Amino acid sequence: MIDRVHLREIDWILIGLLLLNAVLGVVLIDSSSHYLAGSFFFRQLLWLLVSVILLFLTLTVDYKVLLGFSPYVYGFFIALLTGLLVFGKTISGAKSWVVHLSVFGGQPSELAKIALILLLARIFSEYRRRSLSFGFGMLSAGATVLPFVVIGLQPDLGTAVSLLPILFGALILCGLTRKTVVLLLAGTLVLGFTGWNFVLKDYQKKRLVTLVNPSQDPRGAGYHVLQSKIAIGSGGLSGKGFKKGTQTQLKFLPARHTDFIVSVLGEEFGFLGIFAVFLSYFFFLARLFTSVFQSRDRAGMYIIFMVACLLAFQFLVNVMMIVGLFPVTGIPIPLLSYGGSSLLTTFLAVGLALNVKMRSCVNV
Amino acid sequence: MVSPIYEDMTPNLKRARLVFIVVAILFGVVLFFYWKIQILNYGKFWTASESNRTREIVIPAPRAILTDRGGSVILANNVVAFKVSLIRENTRNLEESLARISPLLGLDVAVLRQRIDKYMTLPLFRPIVVKDNLSLTEVSQIEGRRMDFPELVIETEPKRAYPFLSFAAHALGYLQELTPEDLRTAFKDRKIGDMAGKTGIEGAYESRLAGVDGKLVEVVDSLGRKRDELERVEPRQRAKLALTLDFDLQAMAEELLAGKEGAIVALDARTGGVLALASFPTYDPNKFITRFTPEEWIELARNPDTPLVNRALQGQYSPGSIFKPAMAIGALDLGLITEQTTFFCAGAALFYGRPFHCWFEPGHGSLNLPEAIRQSCNVYFYNLGMRMKIDDIARYADELGLGKKTGVDIAGEKTGLVPSTEWKRKTQGEPWYPGETISVAIGQGPLQVTPLQIAAMTAQIANRGTRFQPHLVLEDDAKAGVSATRTSIPSAIFEKVIEGMWRSANMEGTGRGAKVEKFDVCAKTGSTQTIGRETSERLGIKKKTHSWFTGFAPRNNPEIVVTILIEFGGGGGAAAAPIAGRLFKLYKDKHDRPSPSSGN
């Protein structure tokens, strides 16, 4: 299946940037959780190893083959997530396979992103009109809304929301008329505004936020973001030093090794650390975005672009969230935050991009 | 399917580039925001993180120990007391928390809320004391349920304790929590919740007695658990303060006064140091050393017998015959009489057309000054009153320290009252009538004195005119010579009055009850009517007189002055003089022990 020519074409720079950021994440996880039981550091290392192996395994399969399977993969994940939702509710507390799954630490909802990327890529690869038609828009939106609802009901708002940049990435790339853009923007604004202000009650909003956020907010709303801002701001130019951040080490910072990992970075390594990581992340994303141009077909172009949009969205939302520029929604930062499924999903997504790139050479 | 190589994806790629540019711009914007909070607002957030992680705890300093003049008997020290405080930061809901705590501490929710409200201005992490002086049982009950009450914390503090309970309570004084008003004015450097001396030595020497609080800066985690200690400054207790009080004299004075109402003051005649200062009824200051307005204190404050009043300094009484030595000194100094001048006492005499009585109805007959003092003859002094102007009497009273504060080093002293023409004109808008002078001559009329003033006056007579400042701190004994003042009245005049006072005690005079063998006590007694004789007769009430005694010993090189006032005690000679005798005897016995150097 795999050709030596393809091996030569692997984008080692992209893999290097991917690993660089993942290793940075492991270091930060060590600092933010070394005093906790559960050895998050080693578990993340193990997941990293598994992710690297799985990435290279997927490279052996041509992405066009994967696209062929995409409806089945998508269907499998929808069924799995629905099952999780139903059984998780009806036999809560019982020793079901769902519980075993969560003990293992896997989150199928994360991997559902890959399934959606593949399905949308397949749908859009056949679409060649200059801009999006209504029916086609509804088809792709429907394909996204289904997992969005199932995941959102878990409830895991953060992961559900992360599906949106995949859809919007595809739509933008496909081409939107000005009318559609205005309609979409207006619709989103109206829905969001009425939903937040009129439909959801205060305690629901709070519950939503706290459910998404594992650590409960004991001292009033805004505490998490405040502690995060204190952590980042008190880091100053060069930070307080590795494992010396008081906000991190004395647990003032919530969800330190997951959603607020960049706050740890800001506190212990200062603005210089933030700048360095932003830079390395930017190079990583830039490498992905420029790879879009090297795809030899539409499907490949869509895959790489959707992956880039997903990762850029998660990164930007997270770094804005932790300084209060965006509501706390529980979106982890890919590669840096602790979480096996998230790490694996990111690796597989980047793997797809690599897959497309290495097979872009026409003279096979 | 068209070969991919010819497929035109340019429009799509243009859009991809646009999205990438937007992402790049967003990176820049977000980075700018990080720069803002990390570089521009660094100070603000750094301070916030420091106050997050550190907690400053005040370690209260114990107050200085108070001892008697010997230095070995501790009159006030400190014991460890437990207090329970609430940390508002550790509560989810203050009201719920108060409701849960209420049965544990046995306090009403309303009372708890009131206590919390009082300290509302403190930062959230500062513990607010909700109950102090906990018993060990209470401590174990609270500690045993530590997990249920994360907002409660038990701390220890040094608490003032008076081991001899009410012993010298009025001289030592008591503590109370500083009020917000205090904190704004005199106690700007102190903290809300601090206790401070209010009266007596505790009040007057507050800055000398209060130690310097220490502090402990701890590193705490987000749950408030201590992780490390950054800084520790030990509290500093100041050196112990020795008082002039003589434990044995004070103890006997209190024993003799128990059950009565009145005051006893004993002074060291050579320095003005207060050897004993007793006021009855009294109180136990241990009972209300608490932050919260204690019921005991309210009860005492409302008590009609006014146990909180220090009668030695604050009780103002008519001096009666105790004033006669002052009259004698004035008349002698003015040259109106000599010690041999005699007047005839027939038991009563007419002055300005009105009869004035002697206490001895049959009359003393003809007597000179020493005899008049010995027998405390009223008629003799009426005669002096007729010859002296009221303003002259006022001048001599002033020379002897009456009508003004003695300047003793504890607060609350009253001035008493010495009438003069100016005083009458100012207060009543009337001229002074000479007839009024006759009453003043035997210490009646508007005259008012405190027992301490009389003690100081007696010491001045004993020292033949030299006046020492009464004081309660032993260190001031050394300065007594420097601060002593001398009146212009020649000492020979004092000698003549002393002769009369000596006779009073030693030659079967009114002060004979105070006589002590080989101690040459010189004395003067007094019995003052609390209501006028006419009123008493009209109403048919026979109220006992206040009993006065003042005296010193020995006659030459006097060492001790004793002044006694017993409210409604009856005749001064009968009620007060024997008490003085016991005190003189005790003093003599204590100081007469053969000294090793004399070889006895």
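What percentage of the 600 residues of chain B count as buried? In this predicted model, 42% of the 600 residues of chain B count as buried, where a residue is buried if 20 or more other C-beta atoms lie within 10 Å of its own, exposed if 12 or fewer, and partly exposed in between, with C-beta atoms placed from the backbone. Residues are numbered from 1 along each chain as its sequence is written, while chains are lettered from A and ligands numbered from 1 in the order in which they are written. Because the model is predicted, local features need pLDDT of at least 70 and side-chain atom pairs count only at pLDDT 80 or more, whereas totals for chains, interfaces and linings use all residues.

**Confidence**

- The model scores ipTM 0.88 and pTM 0.68.
- Chain B has a mean pLDDT of 87, with 95% of its residues at 70 or more; pLDDT is the predictor's confidence in each residue, from 0 to 100.
- Among the elements of chain B, the lowest mean pLDDT (63) belongs to helix α22 (residues 533–539) of chain B, and the highest (95) to helix α19 (residues 451–462) of chain B.
- Residues 1–5 of chain B have pLDDT below 50, and this stretch has five contacts in the model beyond near neighbours in sequence, two residues being in contact if their C-beta atoms, placed from the backbone, lie within 7 Å.
- Over residues 595–600 of chain B the pLDDT likewise stays under 50, and the model has one contact for them beyond four places in sequence.
- Where pLDDT is low, the predicted coordinates should not be read in detail.

**Fold of chain B**

- Chain B contains 24 helices and 21 strands, which are DSSP runs numbered from the N terminus (helices H or I, at least four residues; strands E, at least two).
- Of the contacts in chain B with a separation of 6 or more, 71% are between residues 24 or more positions apart.

**Packing of α10(B) and α24(B)**

- Helix α10 (residues 247–257) of chain B packs with helix α24 (residues 577–591) of chain B at an angle of about 160°, their axes being 10 Å apart; axes are lines fitted to C-alpha atoms, for helices over the stretch in contact, and angles run from 0 to 180 degrees between N-to-C directions.
- That angle makes α10(B) roughly antiparallel to α24(B), since angles under 35 degrees count as roughly parallel, over 145 as roughly antiparallel, 65 to 115 as roughly perpendicular and the rest as oblique.
- In this pair, B:D248, B:L249, B:M252, B:A253 and B:L256 of α10(B) meet B:I579, B:R582, B:L583, B:L586, B:Y587 and B:K590 of α24(B).
- The contact of α10(B) with α24(B) has eight nonpolar, no polar and three charged residues, with Ala, Val, Leu, Ile, Met, Phe, Trp, Tyr, Cys and Pro counted as nonpolar, Asp, Glu, Lys and Arg as charged, and the others, Gly among them, as polar.

**Interface between chains A and B**

- Chain A gives 43 residues to the contact and chain B gives 35 residues.
- On the side of chain A that touches chain B, the largest share, nine residues, comes from α14(A).
- The residues of that side of chain A comprise 28 nonpolar, nine polar and six charged.

**Individual residues**

- B:R555 lies in the loop between β20 (546–553) and β21 (560–566) of chain B, and counts as partly exposed because it has 18 C-beta neighbours inside 10 Å.
- Apart from its neighbours within four places in sequence, B:R555 is in contact with B:I498, B:W502, B:D520 and B:C522.
- A:F76 lies in helix α4 (residues 63–90) of chain A, and its 14 C-beta neighbours inside 10 Å make A:F76 partly exposed.
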